[in-house]
Amino acid sequence: MLDYHIGAASIARSLASYVVAILELIPFFKDNIPSWIGNGGEEFFGALSINILAPILLVLLTIILCRGVGESSMLNSLMTSTKVVIVLFVIVVGAFEVDVSNWSPFAPNGVKAILTGATVVFFAYVGFDAVANSAEESKRPQRDLPLGIMGSLLICVALYIGVCLVLTGMVPYTFLGEEAPLSEAFASKGLKYVSVLISIGAVAGLTTTLLVGLYVQSRLYLGLGRDGLLPSLFAKVHPTRHTPVHSQIWVGIVAGILAGLFNVHVLSHILSVGSLTGYSVVSASVVTLRWKDKTSSQVSTRWISNWREGVICLVIIASCGFIAGVLYRLSASFIFLLVAVIIAIFASAILYFRQVYAEPPGFSCPGVPIVPAVCIFFNMFLFAQLHYEAWVRFVILSLISVGIYAFYGQYHATIIYHRVPAEET
């Protein structure tokens with residue numbers, strides 16, 4: 001939930017910058033728009049940076065989402081088609097302006113800097129789980145969800161790589177801007193018309209990303225409200241619009257406050273920490289949900305022991321991934337790094353050979369528990385590459401989240417009892 005709040009705020013800041021870039025194409029607005037309106041004004045206390053346009057855009061998109069899924073879906077389809085066409089056009093045109101000397105050296109700051117960069121931009125993958133979070137409103141989830149997740153992931157990876165190659169090939173990376181780098185890169189090459197198209201495509205792309213993020217976030221609040229982990233207000237659905245209006249408005253308010261006060265750099269670091277740990281928890285949950293439940297009283301004690309053993313193994317894998325990441329970051333001896341990897345492999349082997357796993361019907365994650373274990377290890381390895389202040393922020397925000405559950409969620413949670421067939425009792 002924190003990922004989507006911060007992600008929406010971060011993307012809204014970038015969207016505001018591209019909207020300003022389009023407005024400045026009009027002579028009347030050229031150099032007449034104050035920086036605090038769309039680009040972020042002077043920073044205060046090292047993190048605060050006022051932006052007025054980003055919250056306004058979030059309010060408009062929140063209103064569209066409150067009106068219903070149909071309206072937002074039509075806008076989303078139009079914007080998605082526009083941005084994909086423009087991205088392909090940008091890759092083709094930009095390829096003719098690439099100077100391969102800009103790629104030499106290919107990794108000027110070394111492999112460690114690449115890993116740090118990977119953790120910072122990891123929040124780009126937050127949107128892919130939006131498909132899974134929308135399962136309740138899918139007609140054929142067993143077929144549509146895996147196709148939607150894998151298809152969108154592969155397409156976006158190809159477009160990401162293509163745009164990054166063109167961008168860094170056209171302009172040395174040291175001259176790229178932070179808010180609107182694509183538009184500035186093409187403008188520096190005298191391709192003003194492409195710069196205009198990029199700004200339009202960026203507005204379309206960021207708008208769809210915001211729509212999806214705000215939509216999914218409200219559905220998360222809806223689910224938690226139904227389960228009693230949050231106040232029942234979030235579970236209320238509009239009688240005619242059939243949308244969780246209260247949750248949607250709350251999401252827009254929180255994202256608007258963050259977008260209006262914090263810059264992209266600060267937001268992205270917090271977001272990547274949440275994404276890495278969140279996906280690790282999801283991977284661990286996939287493993288634990290597959291464990292077969294032993295209902296016989298003769299093996300109940302053994303089953304509890306196996307469950308604890310499995311949880312310990314998952315914790316060991318996560319710890320080894322983090323330790324390996326720290327050792328790599330500190331340039332420690334390769335032997336220590338190898339020891340952490342071997343321990344993680346040993347814990348994965350215990351999970352594989354000492355646990356019994358069920359095979360759910362339809363599409364499911366393949367290679368359990370090995371695939372989730374690998375995901376946990378590498379997520380925690382990347383987690384260790386983030387800046388120390390990101391860890392501190394994450395610990396503080398985690399304590400707040402745990403506090404909400406400790407003082408409210410656990411006392412109001414709806415308990416669902418599963419009936420056991422008579423022949424199994």
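In this predicted model, the contact between helices H9 and H10 is formed by Leu 214, Tyr 215, Gln 217, Ser 218, Arg 219, Tyr 221 and Leu 222 on the side of H9, which meet Ser 247, Gln 248, Trp 250 and Val 251 of H10.

Gln 248, a residue of helix H10, has a relative accessibility of 1% and, because buried means under 20%, is counted as buried. Its side chain reaches the backbone oxygen of Leu 214 at 2.9 Å. When neighbours within four places in sequence are left aside, Gln 248 is in contact with Leu 214, Tyr 215, Ser 218 and Arg 219, and also with Thr 62, Leu 65 and Cys 66.

Several backbone features are found in loops. The peptide bond from Ser 104 to Pro 105 is cis, with omega near 0°, and Pro 105 is located in the loop between helix H4 (69–95) and helix H5 (110–120). Val 368 and Pro 369 are likewise joined by a cis peptide bond, for which omega is about 10°, and Pro 369 belongs to the loop between helix H13 (334–354) and helix H14 (370–383). Ser 331, in the loop between helix H12 (300–329) and H13, is a residue other than glycine with a positive phi, near 60°; with a relative accessible area of 55%, Ser 331 is exposed.

Technical notes
Residues are numbered from 1 along each chain as its sequence is written. This is a predicted model: local features need pLDDT of at least 70, side-chain atom pairs count only at pLDDT 80 or more; totals for chains, interfaces and linings use all residues. Side-chain values use heavy atoms; hydrogens and water are left out. Contact means heavy atoms within 4.5 Å. Helices (H or I, at least four residues) and strands (E, at least two) are DSSP runs, numbered from the N terminus. Buried means under 20% relative accessible area, exposed over 50%, partly exposed in between (1.4 Å probe, protein chains only). A polar contact is a pair of N or O atoms within 3.5 Å; within protein, one must be able to donate a hydrogen and the other to accept it, and residues adjacent in sequence count only if both atoms are side-chain atoms.
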